[in-house]
Structures are given as structure tokens and as C-alpha cells.
Amino acid sequence: MKPAHYVNGVFSTSGAAFPLRSPVDGNQMGVVPEATRETVDEAVNAAGAALAGAWGRTDVGERCALLRRIADGVEARFEEFVDAEVADTGKPRELAATVDIPRAIGNFRAYADLAYGRPERAYPTTVPGWSGSGQALNYTVRRPLGVVAVISPWNLPLLLLTWKVAPALAAGNAVVAKPSEETPSTATLLAEVIDAAGLPPGAFNLVHGHGANAAGEYLTSHPGVDAIAFTGASATGAAIMRNAADHVTPVSFELGGKNPALVFADADLAEAVEGTARSTFTHSGQICLCTERVYVQRPVYEEFVQALAERARAQRDYGPMISAEHRDKVLSYYRLAREEGATVVAGGGVPRFGDERDGGFYVEPTVLTGLPESARTVREEIFGPVCHVAPFDEEDEAVRLANDSPYGLAATVWTTDLSRAHRVAPRVEAGIVWVNCWNLRDLRTPFGGVKASGIGREGGEYSLDFFSEPVNVCVKI
Ligand SMILES: NC(=O)c1ccc[n+]([C@@H]2O[C@H](COP(=O)([O-])OP(=O)(O)OC[C@H]3O[C@@H](n4cnc5c(N)ncnc54)[C@H](O)[C@@H]3O)[C@@H](O)[C@H]2O)c1
Ligand SMILES: O=C/C=C/C=C(\O)C(=O)O
């Protein structure tokens, strides 16, 4: 797979090339073209021209049929997409084959169904004493925003790219997408599938490159961009917001997190341990929904810590960090944790495999205890296979601990007390609260964070609302 831009229906590798490295062994796998400001400008102009041309004249039925054709196209090249996602991220094949690629297909199919079946409202209005019939009809129609910039991260590359592209196209927008510089391959395959599906040139465009002072920033500060949908770090979101401010460009942000788990003494402890191991170590903690703070009611605290530590030590076939830089960042937090006085109950270092993986970017699955809530390790997002476990006594204390964070993306609550579940979950300052489960997804539900974890919601009608403008038409009868 050779990463390429896709602009106005044409593939190219214009621009300086930068290395694409395998996170598994650190070896260079290929090169990625760095889009210039001119290439980004060409992509935005192509999107605008598509809206003024054939793509702008499509109706929702035609667009949803094209989304289904894209889904079928990805499905037909399923193994190729899995190979590319595994090569770029190093994630276990089973994860890419059961989550990343099926969800990308599901994203297109879900929005084809949701957009096509979405009703609009009408209000028959009576105006007493008014001349004529004294009646009017108010109805809502929706217009696409226009040219949408989509910027996506490296952890779930195709899942998160298509989670924005699908609803943006369904709503009639034209898209310029910039995937992470770390993971260009499945985005390029997607462009091939979209090209084969027959979308008019310029409806979907793809540019590769870095973010700050590069393709990402050229795109988010471009005056021809009508909306920005971004997933990535909170600090990056703030930088993008500053660029968007000049043109008052609307933004949809899915940002960072420091997700808590609350484990009550009445929980099914084995289920809570297994669920917290999954929510901490899946994709080596490189999912925004992963748990990094665990609060366990005191009567079961010691038992829980030991059981979770055993699960950490038992982790096999886990993947690496995406890059040497990210590996070094996670290891710097492992050092910081020790400096702040943590007990490292499991992990805390670099695994030794005795094979090519020793040249890759692996870190050990890690469980920490003993830190105060004020510790940086407990407050700052690490984005690796690590969590800190602390005890609590009362329910209100647990909620306060969970909410004592600048972030508010996701949380898990483990309890067999139904009343407690329904009391606690709505009080947690997060966009998504799972009870006795984790990452169980219904694509119609609102997805997103509060505080520094994001602005707005994705999913179902929430995405379609962001990617379109409602227009109220009032007709005197
Ligand atoms: N809330 C969510 O749904 C969600 C999902 C995945 C990842 N994340 C967050 O993303 C972070 C990890 O991903 P990452 O390292 O790719 O994030 P990142 O913010 O470094 O990069 C994300 C994307 O933004 C681009 N970018 C970077 N700086 C930019 C700038 N100044 N202007 C325009 N574009 C810019 C990058 O090239 C990349 O495509 C973590 O903080 C994680 O919590 C959040
Ligand atoms: O890393 C963050 C994961 C985001 C997941 C979703 O956006 C989703 O499941 O729809």
C-alpha cells in the first residue's frame, strides 16, 4: 500500500516524502507524501467545486446508495484493510479484524440508514385575527454546511476517519480529510474505494501530512473550510479552535480523557476485574475510552488490586505504542509515577521478547497504587496500558473522585445494585457511562465528552445535526 493524496479524483504523491515506520520493529515500511499548502488549497477548491456541481445536486437517496456502495467496497477488500491497519499501528490482527474494519463498514451503513430515514418537522401555525386564513405552515429543511475538514488520529485510524466522513457525506457536504501522519494506509485504501464507488471528483478528498505548521493547520485555517470535525488531543483541539476562530468556523471535537472506573463492593468482582483489564489494556491503552483511574470500595480493594495485577502480568499478544516518541512519553509517566511515590504493582517497564519486537515501541501493561489525587500521574492523560487504583468508602466520595478531573469522556461503574447504578451513572461528569460493561456501542447514541474531552456529540442524529444547517420555512396559507 503506497500512501497517496486523492484530490479532485486524482491520486498523487506530490510533496516531500517522510518515513512510515513499523511500531512493531521500528523499521521503515515506506514513505508518506507531505501535502503542501498548495495541495491543501487545491483540495478545498475541488470540494467547493463539487458542491457547486454534480455532488451538490445529489439527493439524500443517491448519497445513501453511494455510502452503501462504499461499505460494500471496503468489505470486498476486507483483508487488505486489516493488513494495512495492522501494519501501520502494530495492533493485534484480531482487534483490527473484529473492531476497526467492521466498524468502518458499519459507520457507512449506519449513516446510510439514518440519513435516508430521517424525518424533518413541520408545524401548522394558527395566527388568530390575522387576515386571510389566519394560518401558516412552518417546516424544516436541512442544508449541508459545505466543505468539511476531517482530521483524525492514529489509534483507530479507519474507524475514526469514517465515523466523520460517513455522516458528512450523507448530509451532502464535500470532505477534505487529513489522517494522522502515523497511519496513512487505510485512508488511502478508502480513497480508492470511494473513487471506485463513483462519487463525483472533489466530493471526497484526502491529503496526508503533519499537523502543526503543516497540512493539518493549512486545512483548519483555510477560509474555504466551512466546518471542522476533529479527533485528537485536547491541546491540539485548542490549537485548531484558535485557527478556526478567525473565520468563526464551527467545530466538532472528540478529545482527550482520563477515564475513571468505579468498582463497588457489591460488584461481581470477577466481572469488574475482567472488564477493567479490557478497558485498561485493549490496544495497549491507546483508545480514548480506556480506563486510567480506578476507584475501588475499600472492602474489596486489596483483592481487586491483586487480581488486576495478575491480569496485567498475564497480557499476551499485545501491541506496541504507535511511535518511539509516544513510547518515550508513556515510559516518562512510568518514571514520574515512581518519583511521585507510586507502588508499581505490575509492569512499569519495557518487555523483552527476544525477537524483532525488541526494536519496536512496546511498554509493559502496568498497575499503580499509592498516589494522591493531586499526582500528575493521576491527573494527566498517559494514553498507554496503565491505570492507577485507589480505595474509597462512600458512594458520594466515589462520584467526587471520578469527577475530579479536567476531562470527562467516558466512565465505567461496576455494581450489582440496580438503584445504585441508576443513582451514580447520571452524576458522573462524562459523555458516556457504561454500567457493568465497557465500549458497548450503539451507533445511534450520542458519543462525546464534556470539559476538556470535547465539544459536541457524534453518533446517530447528533452527527447529522452537526453536519447540516436546519432552515425553517414559514409559508402563509
Ligand atoms: N475523544 C475521542 O474520541 C478520541 C479518539 C481518539 C484519540 N483521542 C485523543 O487523541 C490523542 C492521541 O491521538 P493523536 O496523537 O493522533 O492526537 P494529535 O492531536 O496529536 O493528532 C490528531 C490529528 O491532528 C493533527 N494535528 C496535530 N496538530 C494539529 C494542528 N495544530 N492543526 C491541525 N491538525 C493537527 C494530526 O496530524 C493528526 O492527524 C489522545 O489525546 C487521545 O485521547 C480522542
Ligand atoms: O479512541 C477513541 C475511540 C473512539 C470511538 C468511537 O468514536 C466510537 O466507538 O464511535
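Predicted model: local features only at pLDDT ≥ 70, side-chain atom pairs only at ≥ 80, totals over all residues.
A polar contact is here a pair of N or O atoms within 3.5 Å. From the side chain of Trp163, an N or O atom stands 3.4 Å from an oxygen atom of the ligand. Of the accessible area of 310 Å² that ligand 2 exposes when taken alone, the protein buries 96%. The residues around ligand 2 also include Arg103, Leu156, Leu160, Ile287, Arg441 and Phe447.

Ligand 1 is surrounded by 29 residues, of which Lys178, Glu181, Thr236, Leu255 and Glu381 are the closest. The side chain of Lys178 places an N or O atom 2.6 Å from an oxygen atom of ligand 1, and a polar side-chain atom of Thr236 lies 2.7 Å from an oxygen atom of this ligand. Gly232 contributes through its backbone, with an N or O atom at 3.4 Å from an oxygen atom of ligand 1. On its own, ligand 1 has 830 Å² of accessible area, and the protein covers 90% of it.

Seven strands make up an open sheet with mixed pairing, in the order β14-β15-β16-β13-β12-β18-β19. At its edges are β14, residues 343–346, and β19, residues 432–435, each of which pairs on one side only. From one strand to the next, the twist averages 25°.

Glu274 belongs to helix α9. Is Glu274 buried, partly exposed or exposed? Its relative accessible area is 35%, so Glu274 is partly exposed, because that category lies between the limits of 20% for buried and 50% for exposed. Thr98 is 176 residues away from Glu274 along the chain, and the C-alpha atoms of the two residues are separated by 19 Å.

A further open sheet consists of 3 strands in the order β5-β6-β22, with antiparallel pairing. The edge positions are held by β5 (122–126) and β22 (468–476); each has a single partner strand, so one side of each is left without a neighbour in the sheet. The twist in this sheet averages 25° from one strand to the next. Strand β5 is joined by 5 bridges to β6 (residues 135–144), and the two strands run antiparallel. Across this pairing, Thr126 stands opposite Gln135 in β6. In general, the strands of a sheet pair through backbone hydrogen bonds, in either a parallel or an antiparallel sense.

Notes:
Residues numbered from 1 in each chain as written. Chains lettered and ligands numbered in written order. Heavy atoms only, no water. Pairing = 2+ DSSP bridges. Helix = DSSP H or I, 4+ residues; strand = E, 2+ residues; numbered from the N terminus. Axes fitted to C-alpha atoms, helices over the stretch in contact; angles between N-to-C directions. Buried < 20%, exposed > 50% of the residue type's maximum accessible area, 1.4 Å probe, protein only. Near = heavy atom within 4 Å. Polar contact = N/O pair within 3.5 Å; in protein donor to acceptor, adjacent residues only side chain to side chain. Areas by Shrake-Rupley, 256 points an atom, 1.4 Å probe, with all protein chains shown as cover.
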